[in-house]
Amino acid sequence: MADPESIKKALQKEMSVYQTLQQELSKFVKTRTELSARANETDIVLEELKLLDDDANVFKSVGPVLVRQDLVEARSNVTNRLEFIKKDLERLDGQIKSLEGRMMEREKEMMKLQGKLRAAGGSGASA
Amino acid sequence: MPPAAAETVKLDSLSLQQLNQARQDLNQEIERLGQGGRQLQRAAEMFEATKKSVEKLGASKKGQSIMLPLTSSLYVSGEVDDVEKVLVDVGTGYFVEMSISDACAYYDRRIASLVDNIGTVSNTLRQRQQGLMQVQAVFQEKLMAAQAQAAAQARA
């Protein structure tokens, strides 16, 4: 049986690892919220562009100027961008999932250590 | 977040600390939902105002004089040259030339989808508020029970 002090140290180490993971997770979640808002907006734009007649005049703002853009080109640009954002979202979801998995592992590890600590403390008291 | 029914079932089995945590989580979510709802409401109002402006423009004649904002604090006088077409910002930097009626239809679409979202948000908000009330009730109950127990122990 390990002594309570070293278990406590291990537990603290686990805690700090866990907190780092937690911070990382909240960063990912924030990025995800922003990205999905962008996907939403892009989706609305694409729907609107689809509704237009083929001879409609479309402009894209580039800095302070509006540049005339071909509707077909605009549609394909926005479609590509939506695809791109969606891929980014998928990638991010994967990262979030693996991060959550790692957090779960740390949680289990912490529970184990807490159990050990209790056992060690109990045996120490009876000794 | 599990549905409210599942929450009620397990509320009684939660400890005071867990209940407190649930209370805080719910409060945070309610705050967030409220903020989101207000933002959507503001966006809908903005579209509504823009639609009104477009309608006003459509009702005016060519040559109508107008004060043109160069900046938010500087205006120059001008005349409306085109009362049939407007450039609508459809998002992500794209502007589309539309007729007055198309522009109005566009704003109607956007407003309708916002109203839809506002409905969803306020429904969820109501659910969470109910959830919070349940958690609050169980929390009070348990707190009182714990206090009574502590008092009994102190007397013994």
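This is a predicted model: local features need pLDDT of at least 70, side-chain atom pairs count only at pLDDT 80 or more; totals for chains, interfaces and linings use all residues.
Student: What makes up the secondary structure of chain A?
Tutor: There are 2 helices and 2 strands, and from the N terminus on they come in the order α-β-β-α.

Student: Why is chain A called more spread out than a compact globule?
Tutor: Set the value against the rule: for 127 residues the globule rule gives 14 Å, but the radius of gyration of chain A is 26 Å, well over that, so the chain is more spread out than a compact globule. The box filled by its C-alpha atoms, taken along the principal axes, is roughly 90 × 25 × 15 Å.

Student: What percentage of chain A counts as buried?
Tutor: That's 28% of its 127 residues, where buried means under 20% relative accessible area.

Student: What makes Ala74(A) buried rather than exposed?
Tutor: Its relative accessibility is 0%. The cut-off for buried is under 20%, so Ala74(A) counts as buried. You'll find Ala74(A) in helix H2 (residues 71–126) of chain A.

Student: Which residues does Ala74(A) touch, leaving out those up to four places away in sequence?
Tutor: Leu49(A), Val58(A), Gln69(A) and Tyr94(B). Contact here means heavy atoms within 4.5 Å. As for Tyr18(A), that residue and Ala74(A) are 56 residues apart in sequence and 45 Å apart in space, C-alpha to C-alpha.

Student: Over to chain B. How do you know that Thr92(B) is buried?
Tutor: Thr92(B) has 17% relative accessibility, and buried means under 20%, so Thr92(B) counts as buried.

Student: Where is Thr92(B), and what is its phi?
Tutor: Thr92(B) lies in the loop between strand E3 (85–91) and strand E4 (94–99) of chain B. Its phi is positive, about 45°, although Thr92(B) is not a glycine.

Student: How do you know that helix H2 of chain B is close to its expected span?
Tutor: Compare the two lengths. H2(B), residues 16–59, has 44 residues and reaches 64 Å from its first C-alpha to its last, close to the 64 Å expected at 1.5 Å a residue.

Student: Which residues of H2(B) are buried?
Tutor: Among them are Leu19(B), Arg23(B), Leu26(B), Glu29(B), Ile30(B) and Leu33(B). The list also includes Gly34(B), Gly37(B), Ala44(B) and Phe47(B). In general, an α-helix has 3.6 residues a turn, so residues three or four places apart point the same way.

Notes:
Residues are numbered from 1 along each chain as its sequence is written. Chains are lettered from A and ligands numbered from 1 in the order in which they are written. Side-chain values use heavy atoms; hydrogens and water are left out. Helices (H or I, at least four residues) and strands (E, at least two) are DSSP runs, numbered from the N terminus. The radius of gyration is taken over C-alpha atoms; the globule rule is 2.2 Å times the number of residues to the power 0.38. Buried means under 20% relative accessible area, exposed over 50%, partly exposed in between (1.4 Å probe, protein chains only). The expected span of a helix is 1.5 Å times one less than its number of residues.
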